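Here is my note on the model, point by point. Please read it with the structure open.

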Amino acid sequence: MVQPTQPTKDIAGTRNEIHGRCHCGEITFDAEVDPGAVNTRHCTDCQTPSGSAFRVNIPAPAEHFVLLSGTPETYAKTAESCNKRLHVFCGTCATPIYACAVDNRRAMVCGRTITQRALFSRRRQSWRRSALRWVDSLAAVPASEKGATSQYRAPASLRAPPPYRV
Ligand SMILES: [Zn+2]
């Protein structure tokens, strides 16, 4: 098993061993991937489960993906591309682990679960037609190194609990 602190060289065309885990730690896995195959996907099917503007995926052939702990849950969904995809996630914390075609178990590992994710360069983007318009200007938005920015405080009307309906 690769330790989280083990340095990983990001060299396209080579195969690197990665370690991954869900948010709660119940699901852990090892995989071998090509860092050059990292893809940033902007499709709406990736935006929803990622909880963000895009999802970063890296393919791992089934024979190079080893589930170390946990029993993930699955569901199938027809994607924006019209392909039927099997989505694999942690049943406890709902973190997406990977997705694959229902008839081809090449896993598209979700980048956010990879312990060494900060070491991989972004080389490709797909589904740019669905990209949120603010994605390219994010670097110019005021930021803080930790926590929320001190420049914004929501009005009291927005800080009250929302009126949930059950
Ligand atoms: Zn979990």
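**Notes on the model**

1. Start at Ile-97. Ile-97 touches Cys-22, Ile-27, Pro-72, Val-88, Phe-89, Cys-90, Cys-110 and Thr-113, leaving aside residues up to four places away in sequence. Contact here means that two C-beta atoms, placed from the backbone, lie within 7 Å.

2. Two points on the source. This is a predicted model, in which local features need pLDDT of at least 70 and side-chain atom pairs count only at pLDDT 80 or more, while totals for chains, interfaces and linings use all residues. Residues are numbered from 1 along each chain as its sequence is written.

3. Which residues touch the most other members of the largest nonpolar core? They are Ala-31, Ala-60, Ile-97, Tyr-98, Ala-107 and Val-109, in a core of 23 residues. β2, β4 (55-60), β8 and β9 each supply at least two residues of this core. A nonpolar core is a set of buried Ala, Val, Leu, Ile, Met, Phe, Trp, Tyr and Cys residues joined through C-beta atoms within 7 Å. A residue is buried if 20 or more other C-beta atoms lie within 10 Å of its own, exposed if 12 or fewer, and partly exposed in between; the C-beta atoms are placed from the backbone. In soluble globular proteins, nonpolar side chains tend to be buried together.

4. Now the whole chain. Of the 166 residues of the protein, 23% count as buried. Among contacts with a separation of 6 or more, 54% come from residues 24 or more positions apart.

5. Secondary structure comes next. The protein has 2 helices and 10 strands. Along the sequence the pattern is β-β-β-α-β-β-β-β-β-β-β-α. Helices (H or I, at least four residues) and strands (E, at least two) are DSSP runs, numbered from the N terminus.

6. The open sheet has 7 strands, in the order β6-β7-β8-β9-β4-β3-β10, with mixed pairing. β6 (73-78) and β10 (124-126) stand at the edges with a single partner strand each, so one side of each has no neighbour in the sheet. From one strand to the next, the twist averages 30°. Axes are lines fitted to C-alpha atoms, for helices over the stretch in contact, and angles run from 0 to 180 degrees between N-to-C directions. Two strands pair if DSSP finds at least two bridges between them.

7. Within that order, β8 (residues 96-101) and β9 (residues 104-110) run antiparallel, joined by 3 bridges. Ala-99 stands opposite Met-108 in β9.

8. Look also at the hairpin of β1 and β2, with 6 residues between the strands. β1 (residues 16-21) and β2 (residues 28-33) run antiparallel and share 6 bridges. His-19 stands opposite Asp-30 in β2. In the turn, Gly-25 has a positive phi of about 90°.

9. Two backbone angles deserve a check. Most residues other than glycine have a negative phi. Ala-94, in the loop between β7 (84-89) and β8, has a positive phi near 70°. Ala-94 is partly exposed, with 13 other C-beta atoms within 10 Å. Trp-127, in the loop between β10 and α2 (156-159), has a positive phi near 60°. Trp-127 is also partly exposed, with 19 other C-beta atoms within 10 Å.

10. Is Arg-122 buried or exposed? Arg-122 is exposed, with 11 other C-beta atoms within 10 Å. Arg-122 lies in the loop between β9 and β10. Arg-122 touches Val-38 and Thr-40, not counting residues up to four places away in sequence. Arg-122 and Gly-36 are 86 residues apart in sequence, yet 8.3 Å apart in space, C-alpha to C-alpha.
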